[in-house]
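Hi,

Here is the structure I promised to pass on. Have a look at it first, and then read my notes below.

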Amino acid sequence: MTMAYWLVKSEPSSWSWDQQVAKGAKGEAWTGVRNFNRAAEPREDEEGDRAFFYHSNEGKEIVGIAEVIREAYPDPSDKTGKFVCVDIKADKPLKTPVTMASIKADKRLATWRS
């Protein structure tokens, strides 16, 4: 079985890497995903999978790596009952953040979805 790598996005003014780190080993529910393209993917997240923690809009860079510590369950922030969430914990920060511009400029990552 191969470990998957996911992308979790948050604006640092709403939920930052530092806030994720502060949650420690208990982590935090990754709720509020309402993009239908990504909404199906948490159902595939498995405990132990990793996620690139991306500061969107403000910064536009991957700043750390998180780990899925609880697999998909109903998203408590979703009143419709259609969406799920996973729990993640901070694993490690990146020494040098990776910008979206550098990702898009790398031909090896041309098929990568953000």
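Predicted model: local features only at pLDDT ≥ 70, side-chain atom pairs only at ≥ 80, totals over all residues.

How many bridges join S4 to strand S5, and do the two run parallel or antiparallel? Ten bridges join S4 to S5 (residues 84–99), and the two strands run antiparallel. Pro74 stands opposite Val84 in S5.

Residues are numbered from 1 along each chain as its sequence is written, and side-chain values use heavy atoms, with hydrogens and water left out.

Now the overall layout. The chain has three helices and five strands, in the order β-α-β-α-β-β-β-α from the N terminus on. Helices (H or I, at least four residues) and strands (E, at least two) are DSSP runs, numbered from the N terminus.

The five strands form an open sheet with mixed pairing, in the order S1-S3-S4-S5-S2. At the edges are S1 (5–10) and S2 (28–30), each pairing on one side only. From one strand to the next, the twist averages 45° (axes are lines fitted to C-alpha atoms, for helices over the stretch in contact, and angles run from 0 to 180 degrees between N-to-C directions). Two strands count as paired if DSSP finds at least two bridges between them. In general, strands of a sheet pair through backbone hydrogen bonds, either parallel or antiparallel.

You can find both senses here. S1 and S3 pair in the parallel sense over six bridges, and Tyr5 has Arg50 in S3 as its bridge partner. S3 (residues 50–55) and S4 (residues 61–74) run antiparallel, joined by six bridges; there, Phe52 is partnered by Ile65 in S4. The hairpin of S3 and S4 has five residues between the strands, and Asn57 takes a positive phi near 60° in it.

What about the inside? Of the 114 residues in the chain, 38% are buried (under 20% relative accessible area, with exposed over 50% and partly exposed in between; 1.4 Å probe, protein chains only). The largest nonpolar core has 14 residues, and Val8, Trp17 and Trp30 are among those with the most contacts inside it. S1, S3, S4 and S5 each give two or more residues to this core. A nonpolar core is a set of buried Ala, Val, Leu, Ile, Met, Phe, Trp, Tyr and Cys residues joined through side-chain atoms within 4.5 Å.

Cheers
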